[in-house]
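Student: Hi, could we walk through this one together? I'd like to start with the packing and then move on to the metal.
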Amino acid sequence: MLKTLHLTFILLSLSSFIGRVIISEIKPTLLEIKIIKIAPHIINSILIISGIALIFQGNWFASDYGWIIAKIFVLFIYIGLGILALKLKGQNKWLAFAAAVLCVIYIGVVAVTKNAFFFL
Ligand code: HEM
């Protein structure tokens, strides 16, 4: 149940991010609309809260939790790159966008493998 909520809000977070990047390219004035401004914050807060709740539900801090620290660390990078992708223009915008999406993929794979260094 909690995991379903977490997974649902990952999809909502990613689609709202991709949606806003597309809007920032084709009609940036739409980004000033209140609901488009506020909704991502609500979605991302629920995503983080559901992640924290899953830590307690799985009692993860009692076992090997390095992968959770990696998730949180890369989450901050995702947020920073997301801001850049919305603010920058041209090639740098798309570089930041691609790097942000890669961060989400990394966080997802780390969650499934429970290994921050799954690529080694
Ligand atoms: C973009 C952000 C995030 C993505 C893409 C993501 C991805 C995932 C995925 C795919 C799972 C399911 C893993 C499985 O069933 O094997 C999961 C579970 C989990 N996530 Fe996240 N997550 C994100 C953010 C967070 C945050 C911020 C936290 C902690 C503060 C967190 C903590 C957890 C925990 C504890 C689980 C449960 C693992 C288990 O019990 O098997 N996640 N996450």
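**Packing and the iron site**

Tutor: Happy to! Bear in mind that this is a predicted model. Leaving out residues up to four places away in sequence, phenylalanine 17 touches Tyr78, Gly82, Ala85, Phe97, Ala100 and Val101.

Student: Which residues touch the most other members of the largest nonpolar core?

Tutor: Those are Phe17, Tyr78, Ala85 and Tyr106, in a core of 20 residues. Two or more residues of this core come from each of H1, H3 and helix H4 (90-113).

Student: Okay, on to the metal. Which protein atoms are donors of the iron atom of the ligand?

Tutor: NE2 of His6 and NZ of Lys71, at 1.8 to 2.1 Å from the iron. Histidine 6 sits in helix H1 (residues 2-26) and lysine 71 in helix H3 (residues 66-87), so the pair ties together parts 65 residues apart in sequence.

Student: And what's the arrangement of the six donor atoms?

Tutor: Octahedral, because the angles they subtend around the iron run from 82 to 176 degrees. For six octahedral donors, the ideal angles are 90 or 180 degrees.

Student: Are those two residues buried or exposed?

Tutor: Histidine 6 is buried, at 10% relative accessible area. Lysine 71 also counts as buried, with 18%, since the cut-off is under 20%.

Student: What about isoleucine 107, what does that touch?

Tutor: Lys71, Val74 and Leu75, again not counting residues up to four places away in sequence. Isoleucine 107 is in helix H4 and is buried, with a relative accessible area of 13%.

Notes
Residues numbered from 1 in each chain as written. Predicted model: local features only at pLDDT ≥ 70, side-chain atom pairs only at ≥ 80, totals over all residues. Heavy atoms only, no water. Donors = N, O, S within 2.8 Å, 3.2 Å for Na, K, Ca; no water. Tetrahedral: all angles 85-135°; square planar, octahedral: opposite > 155°, others 65-115°. Helix = DSSP H or I, 4+ residues; strand = E, 2+ residues; numbered from the N terminus. Buried < 20%, exposed > 50% of the residue type's maximum accessible area, 1.4 Å probe, protein only. Core = buried A, V, L, I, M, F, W, Y, C linked by side-chain atoms within 4.5 Å. Contact = heavy atoms within 4.5 Å.
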